[in-house]
Structures are given as C-alpha cells and as structure tokens.
Amino acid sequence: MAVQSVSQETGPARRRGGIQRSERRLALALLLPSIVIIVLVVGFPMLYSLYLSFTNFTLTSAGNIKFVGLQNYINLLFHDPLFWKAFGRTILFITLAVNIEFLLGLAIAQLMARAIRGQGLARTLMMMPMMFAPILVGFQFKWFFNAQVGIVNNLLYTITGEPHFIPWLIDKPLGFMAILVAEIWMSTPFMVVILEAGILSLPQEPFEAAEVDGASSWQKLKHLTLPMLMPFIYTAMAIRSLDIARAYDVVSIMTGGGPANRTELIWTYVNRLAFAGQQFAMGTAMSYITVLFSFFFTWYLFRNVIKSRWAGGEE
C-alpha cells in the first residue's frame with residue numbers, strides 16, 4: 001500500500017515537471033528570434049564600437065587601423081580639457097534641470113491631484129509639450145530667443161518700451177539658460193505624471209490622522225507626502241537624469257554647442273569630435289566613459305529606490 005501511494009504521488013509530480021520543462025522550452029523558442037535580433041542589432045555594434053575605441057580609427061583612414069590600447073582614454077581623461085568642461089557642464093545641466101523639473105512637477109502634481117473638476121483636460125494640456133519632437137522644440141526655442149526677431153526680446157520691448165537685442169544664444173550664461181528653459185518646458189510633464197500617480201496612490205489614513213492632530217500643509221508635505229513618494233521621486237529622477245545626460249537634439253539645434261564651446265555638452269562634443277573632427281575612435285572612447293559614469297549613477301539611484309521602498313515597508 002505504501003509503495004502504491006508513493007507511486008501515485010510521484011506520477012502527477014513527474015507530469016507537472018514535464019509540462020514545466022516543455023513550457024520553458026516553448027518560451028525559449030519564442031524568445032530566440034528576438035534574442036538573435038538584439039544580439040545582431042545591438043550587441044555586435046556595441047562590441048565593435050568598443051573595439052574601435054582601443055584603435056586609432058578615423059573616418060579618413062578606415063583601411064589603416066592600429067590597436068593603441070588605452071591611449072584614447074588616457075588622452076581624453078588627462079590631456080583634453082574640453083572633455084572635462086563638457087562633462088562638468090553636462091553634470092550642471094542635469095542637476096539644474098532635474099531639480100527644477102522636480103519642484104515644478106511636485107507643485108503641479110499637488111494642484112492636479114486636489115482639483116475637483118477638469119482633471120482630464122488639465123492632464124491633456126500638461127502632456128502637450130511631450131508630444132513635440134526634441135528637434136521641433138529646439139527650433140521653437142531658437143526662434144523664441146533669437147536676438148533680432150525672437151519673441152522674448154519683443155516681449156521685453158513691449159514691457160519696457162525700449163528695444164532689446166540680448167544675444168541669448170551667444171552669451172555663455174544666457175545660452176546655457178536658454179537651453180535649460182527649453183529642456184524644462186519639454187520634460188516637466190513627465191515629472192508631473194509620475195508624481196501625480198504617486199500622490200494618488202498614497203493611503204489617506206495618515207493624512208486624516210495628521211489633520212486631526214492639527215498638522216499644517218507644510219508638515220504633511222514634509223513628514224508624510226515626500227517620504228512616501230521617495231520611490232516615485234527616485235525613479236523619475238533616474239529616468240530624467242539618464243535622458244538629459246544624452247541630450248543632443250535641443251542643444252544641437254539651438255546653439256550647436258557654441259559659440260566657442262560655450263554651451264557644449266558631452267554628446268554634442270562626442271558628435272563634433274567623432275564626425276566633424278573625424279576622430280571616430282576618440283568619440284567612441286568618450287561615449288564609453290560617459291556610459292560608465294551613467295551606469296554607476298543609475299546604480300546609485302536605484303539603490304536608493306530599493307532603500308526607500310524598504311523604509312516604506314518598515315513604516
């Protein structure tokens with residue numbers, strides 16, 4: 001009887017195991033074409049470009065490639081001051097853009113979450129800047145900040161009654177500010193969407209208890225809303241930071257990184273070095289340095305996301 005019961009129990013278990021193995025094989029067979037395409041379209045070009053970063057490859061000497069080891073990376077890190085200027089300007093651009101977008105996004109998300117009427121219309125209008133391609137945004141704000149016919153100088157003339165020919169896209173701080181304004185206008189709606197979704201998902205019991213205890217709006221924001229929103233905040237900031245770090249379209253259209261490298265960011269410098277300067281290996285090496293920094297930055301942010309989630313679970 002005991003042997004018979006064991007055999008009856010192991011029979012269904014074996015059948016379940018066989019079904020699971022067949023399902024795994026089927027899943028692998030269905031995924032295989034996508035894996036092959038990803039390897040061919042993404043994996044091979046990445047490995048080949050990584051190889052080129054260790055050579056002296058240029059667009060004019062493609063038939064005479066020599067392996068130079070880490071020389072390109074050494075030249076960029078220790079002998080190219082423009083790289084560090086572009087890198088530092090990119091870090092400043094990311095810091096300002098992400099933090100301003102977060103503050104604006106949090107304020108707008110709070111207002112939209114509290115709105116009783118017109119939420120659908122408000123969300124639709126808020127999403128409109130994200131519908132424009134970055135190239136179109138670049139052309140739009142290039143016209144806005146044009147020194148002769150731009151709408152900003154014309155608006156200043158209307159207010160003050162005196163003609164203004166402020167060189168927004170030529171002056172160093174003004175050009176940087178103009179690009180920053182374009183990036184903030186285009187991407188703040190993304191922050192609003194993420195933060196509003198987080199605010200609407202928060203439990204109401206802590207806020208009701210704080211209301212009974214007489215907590216002010218600032219106290220509820222500081223001690224309840226922000227701590228519970230941290231996973232959403234870190235996620236939104238990580239996505240936006242990586243997005244801004246590869247900013248190229250808006251900068252290229254509005255200023256092209258100039259004049260005299262005054263608004264050069266890392267990816268406009270990569271493009272100018274690799275294609276305009278025909279130093280493709282140097283540009284590729286710069287790209288991998290930037291990707292490496294981005295990887296560690298992403299790891300740091302998502303580690304904070306995990307910590308904030310654990311802290312929220314403990315609370």
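Is F145 buried or exposed in this structure? F145 is buried, with a relative accessible area of 7%. Buried here means under 20% relative accessible area, exposed means over 50%, and partly exposed lies in between (1.4 Å probe, protein chains only). The model is predicted: local features need pLDDT of at least 70, side-chain atom pairs count only at pLDDT 80 or more, and totals for chains, interfaces and linings use all residues. Residues are numbered from 1 along each chain as its sequence is written, and side-chain values use heavy atoms, leaving out hydrogens and water.

F145 pairs with F141. The two rings are stacked, at 6.3 Å centre to centre and 25 degrees between the planes. Rings of Phe, Tyr and Trp (its six-membered ring) pair if their centres lie within 6.5 Å; planes under 30 degrees apart count as stacked, over 60 as edge-to-face and the rest as tilted. F141 is also buried, with a relative accessible area of 5%. Leaving out residues up to four places away in sequence, F141 touches V181, A182, W185 and M254. Contact means heavy atoms within 4.5 Å. F141 and F145 belong to one aromatic cluster, together with F132, W143, F144, W168 and W185.

V137 lies in helix α5, residues 134-144. Helices (H or I, at least four residues) are DSSP runs, numbered from the N terminus. V137 counts as buried because its relative accessibility is 0%. Beyond its neighbours within four places in sequence, V137 is in contact with F132, A182, W185 and M186. V137 and I253 are 116 residues apart in sequence, yet their C-alpha atoms are 8.9 Å apart in space.

The largest nonpolar core has 41 residues. Such a core is a set of buried Ala, Val, Leu, Ile, Met, Phe, Trp, Tyr and Cys residues joined through side-chain atoms within 4.5 Å. Its members that touch the most others are F93, F102, L106, F141, F145, L195 and M254. Two or more residues come from each of α3 (81-114), α5, α7 (172-201), α8 (205-212), α9 (217-245) and α10 (249-254). Helix α7 gives the largest share, 11 residues. A second, separate core holds 14 residues, among them F83, A86, W267 and Y269.

Helix α1 spans residues 2-52 and contains L32. L32 is partly exposed, at 46% relative accessible area. L32 is one of the residues in a nonpolar surface patch, along with L28, L31, I35, V36, I37, I38, V39, L40, V41, V42 and M46. Together they have about 1100 Å² of accessible area. Patches are made of residues with over 30% relative accessible area and no salt bridge; nonpolar side chains (Val, Leu, Ile, Met, Phe, Trp, Tyr) are joined within 5 Å, like charges within 9 Å. A salt bridge is a side-chain nitrogen of Lys or Arg within 4 Å of a carboxyl oxygen of Asp or Glu. Accessible areas come from the Shrake-Rupley method with a 1.4 Å probe; for residues, only the protein chains shown count as cover.

By the ring rule, the count comes to 18 aromatic pairs. Y48 and Y51 form a tilted pair, 6.2 Å centre to centre with 35 degrees between the planes. Both lie in helix α1, 3 residues apart, about one turn of the helix. Y48 is partly exposed at 41% relative accessibility, and Y51 is partly exposed at 39%.

T284 sits in helix α12, residues 280-314. T284 counts as buried, at 7% relative accessibility.
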